[in-house]
Amino acid sequence: MTILRIALPIPKRQLFDYSYQGQTPELGCRVQVPFGSRTLVGVVWEIAEQSQWPENKLKAVIKLLDTQAVFNSTQLKLCQWLASYYKHPIGDVVQTALPVALRKGVANQQKLQQYWCLTEQATKLELSELKRAPKQQALIETLRHATMEKSQVNQDFGSATSKALLNKGLIELVEQSYEDGEPWSAQIKISEKPQANVQQALAISSIEAKLGEFGCFLLEGVTGSGKTEVYLQAIESVLLRGQQVLILVPEIGLTPQTVYRFKHRFGIQVGVLHSALTDNERLEVWQQSALGQLGLIIGTRSAIFTPMLKPGLLIVDEEHDSSYKQQDGLRYHARDLAVMRAHTENIPLVLGTATPALETLNNALSGKYQHLQLPVRAGDAAMARQQVFDIRQQPLEFGLAKGMLERVALHLKQGSQVMLFINRRGYAPALVCHSCGHVEQCHSCNKPFTLHKSLYKLQCHHCAAAKPIPKRCENCHSGELTSQGVGTEQLEQGLADYFPAYKSVRIDSDTTRGKNKLDDMLNKINNNEFQLLIGTQILSKGHHFPNVTLVIILDVDGALFSADYRAAEHLAQLITQLAGRAGRAEKPGEMWLQTHDPAHPLLQDLINNGYGHFARYALLERQQANLPPYSFQALFKAQALSARDAHEFLQQVADFFSGAEGVMCLGPIPALMEKRQGQYRMQLLLQSNQRGLLQQALNQHVGSVEALPLATKVRWSLDVDPQDFS
Ligand SMILES: Nc1ncnc2c1ncn2[C@@H]1O[C@H](COP(=O)(O)OP(=O)(O)OP(=O)(O)O)[C@@H](O)[C@H]1O
Ligand SMILES: [Zn+2]
C-alpha cells in the first residue's frame, strides 16, 4: 500500500493522506477522494511510505484520474513556491493554477479538432458566383489554400458564413487530431516589418543574446517608442528556434486588435486566454500549449500558469499594471511569479512599460535586471506637450473650464479626435439635498451613492446596492435634490450638447460590458466614427489612436492627497499613459491636467521632467521613508459584522508578532474604507527591512493565527507584498 499525500481544495495549510492500492502514480496526477460527506478532486503532491495516521483511519483514493501528471515539474515547483512565499494553503494554490475544467475532474484528453474544408463541388465553383456574399467568397478563397479550424473560422468570418456555405454544399467538417495537422513551426510566415531603430535593435539583440538562459529585462520605453516591435522581433527569433512564447497583458489590454498584431506578423495561430472563455475553451488552449502545439500564447494574469512544452521566452507587457496582482484568494503577483518561472525554466523574461513600477525600476537600477531603454518615439511622432490648467476660481461646465472647452473646439475643427479622462463613472458621485445638505448614502458602506441618470438609479460603487433615484430628501423631505461632482455620463452629455456637430462615445465599465463591446468601440474610434472620447482608466491602456491630438484629464486633485503611499506612483503612471495616447502619428499632441494645485511638486516634476525622473525621485523618497521596495510588507486584513471582533482578532495576531526579530507591527487600525457591505474592516501591517526575517516570522506564526478561535468568526486574509490598502 502507498500513502498519497494530496493537495485538496480545502482552506488548510496542509496535505491530506490517503491510501492507494496499485502502481504508484506520478506526482501531479489528479485523484478523486472522499472528504467528509463529499467527494473532492485533488492532486498528488507527495508520496510516502507511512502516515502519521493509523492505517484503519486512512481513507482510500476513489479513483486515479490521470495516467500522466497534469502539472509538469516547473508547475509543481511554482505552486510550491507560491504556497510557501504567500503562506497560502497548497490545495488552494493548486486550484488556482489549474484550469476550471480540470478542477472539476474532466478528463485531460485532447479532443479531436474540427476543420472546415472544401467539398468537391466547391473546387469547381467560379468565385464570382458568390460576389454578393463577400464573406463566403473570402472563406472559400482561404480554404482553397488550406483547411481551417472551426473556431478560427468563427473568429475570422463568423459562424453564419460557414453555416451558409455548409447549406450550399460547398464546405464540410472533418475531424483530425492536432498532432496530424501541420505544426506551427512549419507555418510561420513573417509579414513585412519596420526596420528597427538603433535603440530597438540594441534591445532586441540583448534579449536574443540571452535566449536559452535565465535573464530578466526591464524594457523602459516611452509611450509609442515601439516596445511592441521589440517584442515582435525578439519573439521571431524564439519561434524560429522552435520554442514557445508566453505574453501577459493587462486585463483590459487584451483586445482582438492586440492579438491580431501578433497573429498577423507570424501567420500562426495564437492561443488566447482571457476571462470570457468557457471552461472547455480554456482547457483546450492549456492542453495545446502543454503539448507544444501553439507557438504563441497571450493572456491576462492567470495565463502565467499555462504550461509550455518548449518554453523560450516570457513577456509581461505594461508590467506596472495593477491587474497583475490578484486581490483575493491567493494574492499573488503575476510579474513576480513570471520572474520565478523564467528562473525555473531557464529562459529570459522581458518586462515592458513606459512607466515601470518602482519595485521593477529599483531592480533595474541596482543591476538585478538588465535595463533596456527606448527614450524616443518610433517613426516621426514627437511626445505630447504636457501642461497644467489652473481651475481655481474658474467656473466649470460639466467639469470642464472654459479655456479647456476652447482647446477642444480647436482640435475638433482641425479634424482630430479629443480624449477626456475622468476617474468616475456614472452621472455624479453624489446626490445632495439643497435644503439640509443631506447626502444619500449606502448604509452598508457609509459612502455616498453614485447617481446614474441613464439607469434611473443610485448605485453604490463599493457593493452591489442600488435603489431608484428618490424624489425627496430622506432627511427633510425637501424636493430640491441636486447632484454634486461630475462623472463620465454627465461629461458625455454635456459635451454632446455643447458640440452637436460631433459624435461622442463613453468608455467605462458601464458601457463596455458584454462580448466584443469594447473592441467594437475601439474599431469605431479608429475609423473616426467618434470625435469625442470620454472615459475612465480603460482609455489609458495601451491603445493606439493615431488621430487623437488632445487629451484632457479633468481632476487629479483627489489622488494628490491620498493616504495610500502608492497613490503618487499610480497617478504618475496614469497621467503618463494618458499623455501617451496623444500625438502618436504625424500630428503633434498635447495633454492638459485640470487642477486646483498647479504648483504641486509631483505634477511639476512629471510634466517638466517626465515619468523616469519622477520615478527616480519617488524611489529616493521611499528609501528615506523606509517603504517598499526598501522594506518588505505583509498585511493581515480582517472584517466582521462587529468592529470589535475584527479588532480583537488582529490584536491577538499582533501579539504573536510583537516579539519577532526585525519585524515591525503597525496596527490594528481601520482600513481606508472602514465599512463595506455591512462589514467593519481592520488591518494590521507587518514590515521588515529584510524579506527573510518577515518570511521567517510569518512561517513561525501563521499556523497559530489560523488556530485562533476568533479566526473562524471573522473573515481574515494575509496579503504578502500588499498593493491595496483600501
Ligand atoms: N522602427 C520603427 N519604424 C517605424 N515605425 C515604428 C517602428 N517601431 C514601431 N513603429 C510604429 O510606431 C507605433 C508605436 O509602436 P508600438 O505600438 O510598438 O509602441 P509601444 O511602445 O508598444 O506603445 P505604447 O506603450 O504607447 O502602447 C506603431 O504604429 C508602430 O508600428
Ligand atoms: Zn454599499
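User: Which residues does the UniProt "Helicase ATP-binding" domain annotation cover?
Analyst: Residues 208–374, according to the UniProt record, which is an unreviewed entry. Keep in mind that we're looking at a predicted model.

User: How much helix and strand is in 208–374?
Analyst: That stretch is 35% helix and 23% strand. Its end C-alpha atoms sit 17 Å apart.

User: And what does the domain assignment give for the protein chain?
Analyst: Five entries: domain 1 (2–103), domain 2 (113–176), domain 3 (188–374), domain 4 (385–428 + 485–622) and domain 5 (632–720). Domain 4 is written in two segments, 385–428 and 485–622. Between the centres of domain 4 and domain 5, taken over C-alpha atoms, there are 38 Å.

User: OK, ligand 1. What's closest to it?
Analyst: Thr223, Gly226, Lys227, Thr228 and Ala378 are the closest, out of 19 residues that surround ligand 1.

User: Which element gives the largest share of that shell?
Analyst: Helix H10, residues 227–240, with three residues.

User: Which domains does the shell around ligand 1 draw at least three residues from?
Analyst: Domain 3 (188–374) and domain 4 (385–428 + 485–622) each supply at least three.

User: What's the shell like by class?
Analyst: There are 13 polar residues around ligand 1, plus four nonpolar and two charged.

User: Switching to packing. How many residues are in the largest nonpolar core?
Analyst: 176. Ile6, Phe217, Ala338 and Val551 have the most contacts inside that core.

User: What does Phe217 touch?
Analyst: Leaving out residues up to four places away in sequence, Phe217 touches Ser206, Ile207, Pro348, Leu349, Val350, Leu351, Tyr369, Gln370 and Leu372. There's also a second, separate core of 10 residues, with Leu139, Leu143, Leu165 and Leu170 among them.

User: Now the UniProt "binding site" entries. Which residues are listed?
Analyst: The record, again an unreviewed entry, lists Cys442, Cys445, Cys460 and Cys463. These spread over 22 residues of sequence but cluster in space, the largest C-alpha distance being 8.7 Å.

User: Is Cys442 buried or exposed?
Analyst: Cys442 counts as buried, because 24 C-beta neighbours fall inside 10 Å and the cut-off for buried is 20 or more. Cys442 lies in strand E21 (residues 441–442). Beyond four places in sequence, Cys442 touches Lys447, Phe449, Cys460, His462, Cys463 and Ala465.

User: Where is Cys460, then?
Analyst: In the loop between strand E24 (457–459) and strand E25 (466–468). Cys460 counts as buried too, with 21 C-beta neighbours inside 10 Å. Setting aside neighbours within four places in sequence, the contacts of Cys460 are Cys442, Cys445, Lys447, Phe449 and Ala465.

User: On to the backbone. What's the peptide bond from Pro628 to Pro629 like, cis or trans?
Analyst: Cis, with omega near 5°. Pro629 lies in the loop between helix H20 (601–625) and strand E31 (632–640). Another cis peptide bond joins Gly667 and Pro668, with omega about 5°, and Pro668 is in strand E32 (residues 663–676).

User: What about phi of Asn346, positive or negative?
Analyst: Positive, near 60°, in a residue other than glycine. Asn346 is in the loop between helix H13 (334–345) and strand E14 (348–353). Asn346 is exposed, with 12 other C-beta atoms within 10 Å.

User: And where does Phe398 sit?
Analyst: Phe398 is in the loop between strand E17 (396–397) and strand E18 (400–401). Phi of Phe398 is positive, about 35°, although Phe398 is not a glycine. With 19 other C-beta atoms within 10 Å, Phe398 is partly exposed.

How values were computed. Residues numbered from 1 in each chain as written. Chains lettered and ligands numbered in written order. Predicted model: local features only at pLDDT ≥ 70, side-chain atom pairs only at ≥ 80, totals over all residues. Domains from an automatic or database assignment. UniProt positions renumbered as here; feature names shortened; annotations may be inferred. Helix = DSSP H or I, 4+ residues; strand = E, 2+ residues; numbered from the N terminus. Core = buried A, V, L, I, M, F, W, Y, C linked by C-beta atoms within 7 Å. Contact = placed C-beta atoms within 7 Å. Near = placed C-beta within 6 Å. Nonpolar A, V, L, I, M, F, W, Y, C, P; charged D, E, K, R; others polar.
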